Amino acid sequence: AGDALKTAMELQRTNRHRDIKLRVTLHHGPCLSVGTRDGQDYFGDTINVCAKFQAVAGANQVAFDRGMRDLMPAELWQDLLKGQQVEEVAFEIKTGAARKFELYRVTL
């Protein structure tokens, strides 16, 4: 989880001054990996939920759920987000049975 967040933040920082604006979302859990002609593709609920998180991430932001946060050691959490704007966001997926998530949104 820590490596994923570090990578997402670095991706945002290195592309900040380019014409392209990125929004990155992170989630964890099981998924199905399938080999394709172009490489690997991933499917499943974990991927679908992560895609829904895109609704709360804007340009130059990284959004991730509380589960990702809980997988990080406290020291790493503090070091990575030191001086960053971090917001807690309530998020609900309303298709079928409603599912609620606590998200963090980091603006870089």
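Phe43 counts as partly exposed because its relative accessibility is 41%, where partly exposed lies between buried (under 20% relative accessible area) and exposed (over 50%), with a 1.4 Å probe and protein chains only. The model is predicted, so local features need pLDDT of at least 70 and side-chain atom pairs pLDDT 80 or more, while totals for chains, interfaces and linings use all residues. Residues are numbered from 1 along each chain, and side-chain values use heavy atoms, without hydrogens and water.

**Exercise 1.** Locate Phe43 in the secondary structure.

*Solution.* Phe43 is found in strand β3 (residues 39-43), strands being DSSP runs of E with at least two residues and helices runs of H or I with at least four, numbered from the N terminus.

**Exercise 2.** Identify the residues of the largest nonpolar core with the most contacts inside it, and the elements that supply at least two of its residues.

*Solution.* A nonpolar core is a set of buried Ala, Val, Leu, Ile, Met, Phe, Trp, Tyr and Cys residues joined through side-chain atoms within 4.5 Å. The largest has 15 residues, and Leu5, Met9, Leu26, Val62, Phe64 and Leu81 have the most contacts inside it. Next, at least two residues each come from α1 (2-14), β1 (23-26), β4 (61-65), α4 (74-81) and β6 (99-107).

**Exercise 3.** Determine how the buried residues of α2 are arranged.

*Solution.* In helix α2 (residues 45-52), Thr46, Val49 and Cys50 are buried. Seen down the axis, the buried residues fall within an arc of 100 degrees (taken from the directions from the helix axis to the C-beta atoms), so they line one face of α2.
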